[in-house]
Amino acid sequence: MFSEASNFTAGVDKTFAFIIGISLFFLIGLTVTMIVFAVKYRRNKHPKAVQVKENMTLEVTWIIIPLVLVLAMFYFGYQAYMPMRNAPKDAHIIKVYGKMWQWDFDYGNGKMSKDTLMLPLGKPVKLELNAVDVGHSFFIPAFRIKEDLVPKKTNYMWFIPQQEGNYEAFCTVFCGLRHSYMEAIVKVVPEKDYEQWLANLKAFDPNSVPEGLTILKQNACTGCHSIDGSSLVGPSFKGLFESERVVMTNSAERKIKADSAYLHQSIVAPDDDVVKGFNKGIMRSYKQTLSDKDISKIIEYMKLIEK
């Protein structure tokens, strides 16, 4: 029995069943034929080779049959795919932001949720997909739908959730150290419950977030530097300000204090003094990306996460 979690599951499942059925038919048929030929025409029964002349009928047959089967596979796949690119005009729009390594869902009017996507049952939904940093891909296996998120380009997917429940969503493009942690819960609830949940959801207040943290997230800095002390590609920002660090400068080891001057230099010229234990050439310079004012706001934020 085919899944009915979304309006696309039946079409995708039937297409895969058709292709797998054909593949199994030929796998079994060719394997059996090979075994029969190996037994029937083995060397001790036919020690002298016999020249087999061309057989035009046979040659045309093994060209036409695969061609017809491949075209049939394409047809079923095309029939299942095309509706996925034609979103209804009245679809409920939710913006999806993928960044290392989390999902943010924007329902409009400043209302957002993190790593949990709420959907109304039986209503068409269009997800506008945006990559904040690197390439990602949003995949809801139960819905049989997946689309890529490409930096500086808005992609989309749409569907109609048809069964109430919780479903898993994943990123299927390797996007860094914690790619496997980039998952979300998709909750499908009755429309009335969805409207109630949305009404109770507090609007995001940009003033409640330090400007420095906002700048860090906008430039994907938190993808390589944690703010909770955990080790990623680069040193954690927690406890960094005014701490003593051992760095490699021109292959020479020395101790420095992570003061404002050092942090500023690390942002504009990250390879000058690399913290021991981390690799050179990983971080790019933000000299042309961030202004001195932006860097100052970042440093002010780092002072808040000293401990």
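**View 1. Burial and surface of the predicted chain.** Of the 307 residues of the chain, 35% count as buried, where buried means under 20% relative accessible area with a 1.4 Å probe, protein chains only. The accessible surface of the chain, computed by the Shrake-Rupley method with a 1.4 Å probe, comes to about 19,200 Å², and 58% of this surface belongs to carbon and sulfur atoms. This is a predicted model, in which local features need pLDDT of at least 70 and side-chain atom pairs count only at pLDDT 80 or more, while totals for chains, interfaces and linings use all residues. Residues are numbered from 1 along each chain as its sequence is written, and side-chain values use heavy atoms, with hydrogens and water left out.

**View 2. Overall dimensions of the chain.** The C-alpha trace spans about 85 × 60 × 30 Å along its principal axes. The radius of gyration, taken over C-alpha atoms, is 28 Å, whereas a compact globule of 307 residues would have a value near 19 Å, by the rule of 2.2 Å times the number of residues to the power 0.38.

**View 3. Strand 9 and its two partners.** Strand 9 (residues 165-171) pairs in the antiparallel sense with strand 6 (residues 136-140) over two bridges, and F138 stands opposite C171 in strand 9. Strand 9 also pairs in the antiparallel sense with strand 10 (residues 183-189), here over six bridges, and Y167 stands opposite V186 in strand 10. Strands are DSSP runs (E, at least two residues) numbered from the N terminus, and two of them pair if DSSP finds at least two bridges between them. In a regular strand, the side chains alternate between the two faces of the sheet.

How values were computed: Buried < 20%, exposed > 50% of the residue type's maximum accessible area, 1.4 Å probe, protein only. Helix = DSSP H or I, 4+ residues; strand = E, 2+ residues; numbered from the N terminus.
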